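Please read it with the structure open beside you.

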Amino acid sequence: MKRVSGVLLFFSLNVFSVQAQKIFDLSGIVRDLRSAPLVRASVYLLNTNNGAITDENGLFVIKNIREGRYLMQVSAIGYATTELNITVTGSAENHISVTLHGEVKQLDAA
């Protein structure tokens with residue numbers, strides 16, 4: 001009987017801890033150096049399965065993010081990839097503005 005009580009207590013505590021985790025949405029905009037919105041830029045939280053692609057206005061939304069610190073990677077074709085340390089919290093607005101710089105590549109002479 002004690003074993004059954006212990007198992008029930010364990011599962012009930014896990015249910016409460018899952019409910020206590022705060023979940024938020026992370027939104028933002030990705031632009032180039034001229035402040036033009038970047039369409040179809042990739043925005044990912046590294047080491048998670050969470051990410052998004054920007055729309056025609058350069059806007060993105062990543063839903064259902066747990067409160068915490070993340071490394072966000074933003075990339076687009078023709079632009080240098082940028083990584084940012086971000087914190088998702090309930091006490092601040094979770095909206096991020098990112099500016100990507102053009103990527104310069106030089107081909108080797110043959």
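The points below go from the basis of the model to its strands, its core, its salt bridges and a few single residues.

1. Basis of the note. This is a predicted model, in which local features need pLDDT of at least 70 and side-chain atom pairs count only at pLDDT 80 or more, while totals for chains, interfaces and linings use all residues. Residues are numbered from 1 along each chain as its sequence is written, and side-chain values use heavy atoms, with hydrogens and water left out.

2. The three-stranded sheet. Strands here are DSSP runs (E, at least two residues), numbered from the N terminus, and two of them are said to pair if DSSP finds at least two bridges between them. An open sheet is built from three strands in the order β4-β1-β7, with mixed pairing. Because β4 (59–66) and β7 (95–99) each have a single partner strand, they stand at the edges, and one side of each is left without a neighbour in the sheet. Neighbouring strands of this sheet are turned by 25 degrees against each other on average, direction ignored; the axes behind this angle are lines fitted to C-alpha atoms, and angles run from 0 to 180 degrees between N-to-C directions.

3. The pairing of β1 with β4. Strand β1, which covers residues 23–31, runs antiparallel to β4, and six bridges join the two. Within this pairing, F24 has I65 of β4 opposite.

4. Strands β2, β5 and β6. Four bridges connect β2 with β5 in the antiparallel sense, and L45 has M72 in β5 as its bridge partner. β5 is also paired with β6, again in the antiparallel sense, over seven bridges, with L71 opposite N85 in β6. Six residues lie between β5 and β6 in the hairpin that they form, and G78 in its turn has a positive phi of about 90 degrees.

5. The nonpolar core. The term stands for a set of buried Ala, Val, Leu, Ile, Met, Phe, Trp, Tyr and Cys residues joined through side-chain atoms within 4.5 Å, where buried means under 20% relative accessible area, exposed over 50% and partly exposed in between (1.4 Å probe, protein chains only). The largest such core has 20 residues, and those with the most contacts inside it are L26, V30, L45, I62, M72 and I86. Two or more residues are given to this core by each of β1, β2 (42–45), β4, β5 (68–75), β6 (82–88) and β7. For V30, the contacts (heavy atoms within 4.5 Å) beyond its neighbours within four places in sequence include A36, L38, V43, F60, V74, V98 and L100.

6. The salt bridges. With a salt bridge taken as a side-chain nitrogen of Lys or Arg within 4 Å of a carboxyl oxygen of Asp or Glu, the structure holds two. One joins the side chains of K63 and D25 at 3.6 Å, N to O, and it links distant parts of the chain, with K63 in strand β4 and D25 in strand β1, 38 residues apart. K63 is exposed at a relative accessible area of 52%, whereas D25 is partly exposed at 37%. The other salt bridge is between the side chains of D32 and R34, at 3.4 Å, N to O; here D32 counts as buried, at 7% relative accessibility, while R34 is exposed, at 71%.

7. Residue N94. This residue is in the loop between β6 and β7, and it counts as buried, at 12% relative accessibility. Its side chain reaches the backbone oxygen of T89 at 2.9 Å. Leaving aside neighbours within four places in sequence, N94 is in contact with F24, D25, L26, S27, T87, V88 and T89.

8. T82, in strand β6, is buried with a relative accessible area of 18%, and it touches M72, Q73, V74, T99 and L100, not counting residues up to four places away in sequence. R69, in strand β5, is exposed with a relative accessible area of 65%. Apart from neighbours within four places in sequence, R69 has contacts with N85, I86 and T87; R69 and V88, 19 residues apart in sequence, are 6.3 Å apart in space, C-alpha to C-alpha.

Conventions: Polar contact = N/O pair within 3.5 Å; in protein donor to acceptor, adjacent residues only side chain to side chain.
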